[in-house]
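Here is a short briefing to read alongside the sequence and the 3D view. Points are grouped by topic.

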Amino acid sequence: IHIMDRPAYLAALSAASRKGLHQTLDIRMRRNPEGPGTTASYIWIELALSPVVDVPGEQGRWEVVGVLRDISARKDAESATNKARVDAEQASEAKSRFLATIGHELRTPLNAIVGFSDMMKAGIGGTPSAQHMEYAGLISQSGHHLLDVVNMLLDMSKIEAGKFEVQAELFDPAGLVDPCVQIVEKSAHDRGIEIRTAIPAKLPQLLADERACRQMLINLLSNAVKFSHDGGTIRCEMKRQGRMLLMSVSDTGI
């Protein structure tokens with residue numbers, strides 16, 4: 001018996017022979033070499049100890065019957081499962097650190113992009129043309145969205161830690177559509193994909209996390225563009241469904 005398992009084995013044997021108690025424990029036992037060139041190894045054994053009690057209630061020492069069963073395969077499976085769990089936990093922790101690091105590293109250049117585009121819109125470096133004003137507006141809008149995406153990456157770490165809080169407030173859901181469409185419109189136009197919107201004239205205000213809803217809509221539109229055939233059509237629709245808002249994106253791709 002492995003030296004580390006001997007105390008448990010002797011305690012179980014004593015409980016069975018002196019107290020008449022049934023005992024079951026897992027121990028490692030040495031398997032002797034089976035042939036030339038082989039070395040001794042330890043295998044896991046499940047040991048069940050049962051006292052032989054002839055007269056119920058009799059006091060004293062009893063003979064003990066031990067049944068041994070090789071459980072090496074089960075122990076190997078448990079070890080593999082535990083290793084996989086530890087590896088998964090380490091990978092999850094590494095991912096969280098990666099997201100947090102990337103989030104903080106992206107904020108600095110994004111703030112510069114947003115700041116200078118806002119300066120261009122304000123005419124600080126000179127009065128830009130109408131077209132340049134439109135471009136600066138799109139740069140600023142996309143920059144603000146990317147900052148929101150960075151915040152979302154940091155939120156993912158909070159979600160895994162169970163500390164994420166939804167910032168719910170009232171907003172106009174129809175206002176989500178145009179900014180999200182503009183972000184994916186360039187890639188859609190390059191492939192001849194038409195984006196159609198069907199938004200009712202009057203929608204009630206929605207109580208939700210506006211940034212999370214905007215991210216969901218951008219993800220859906222981006223996927224629709226990615227998996228659409230050239231010259232396809234994408235439809236973005238919203239409609240009221242009882243107390244809920246149904247927001248859908250459909251495409252003609254795969």
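**Briefing: helix packing and selected residues**

S117 itself is found in helix α2, residues 72-122. S117 counts as buried, because its relative accessibility is 2%, and buried means under 20%. The model is predicted.

**Confidence**

- The protein has a mean pLDDT of 86.
- A pLDDT of 70 or more is reached by 94% of its residues.
- Among the elements, strand β3 (residues 63-70) has the highest mean pLDDT, 94.
- Helix α3 (residues 130-160) has the lowest mean pLDDT among the elements, 77.
- Where pLDDT is low, the predicted coordinates should not be read in detail.

**Helix α3: D148 and V150**

- D148 is found in helix α3, and V150 is found in helix α3 as well.
- D148 counts as buried, because its relative accessibility of 17% falls under 20%.
- Leaving aside neighbours within four places in sequence, D148 is in contact with R211 and R214.
- D148 and R107 are 41 residues apart along the chain, and their C-alpha atoms are separated by 9.9 Å.
- V150 is buried, with a relative accessible area of 2%.
- With neighbours within four places in sequence set aside, V150 is in contact with G103, L106, R107 and L110.
- From C-alpha to C-alpha, V150 and I102 are 8.1 Å apart in space; in sequence they are 48 residues apart.

**Helices α4 and α5**

- Two packed helices are described by the angle between their axes and the distance between the axes.
- The axes of α4 (residues 177-190) and α5 (residues 210-226) come within 9 Å. They cross at roughly 25°.
- Why is α4 described as roughly parallel to α5? The crossing angle is roughly 25°, and angles under 35 degrees count as roughly parallel, so α4 is roughly parallel to α5.
- The crossing of α4 and α5 is right-handed.
- On the α4 side, the contact is made by V177, C180, V181, I183, V184, S187 and A188.
- On the α5 side, R214, L217, I218, L221, S222 and V225 make the contact.
- The residues of this contact between α4 and α5 divide into 10 nonpolar, two polar and one charged.

**I183 in α4**

- I183 has its place in helix α4 and is one of the α4 residues that make the contact with α5.
- Is I183 buried, exposed or partly exposed? I183 counts as partly exposed, at 30% relative accessibility.
- Not counting residues up to four places away in sequence, I183 touches S142, H145 and I218. I218 is among the α5 residues of the contact with α4.
- I183 and G103 are 80 residues apart in sequence. Their C-alpha atoms are 20 Å apart in space.

- L176 sits in the loop between β4 (169-171) and α4.
- L176 is buried, with a relative accessible area of 2%.
- Beyond neighbours within four places in sequence, L176 is in contact with F171, E210, C213, R214, L217 and M238.
- Of these partners, R214 and L217 also take part in the contact of α5 with α4. R214 is in contact with D148 too.
- The C-alpha atoms of L176 and M152 are separated by 17 Å, and the two residues are 24 residues apart along the chain.

Conventions
Residues numbered from 1 in each chain as written. Predicted model: local features only at pLDDT ≥ 70, side-chain atom pairs only at ≥ 80, totals over all residues. Heavy atoms only, no water. Axes fitted to C-alpha atoms, helices over the stretch in contact; angles between N-to-C directions. Helix = DSSP H or I, 4+ residues; strand = E, 2+ residues; numbered from the N terminus. Parallel < 35°, antiparallel > 145°, perpendicular 65-115°, else oblique. Left-handed = near helix turned anticlockwise from the far one by under 90°. Contact = heavy atoms within 4.5 Å. Nonpolar A, V, L, I, M, F, W, Y, C, P; charged D, E, K, R; others polar. pLDDT = per-residue confidence, 0-100. Buried < 20%, exposed > 50% of the residue type's maximum accessible area, 1.4 Å probe, protein only.
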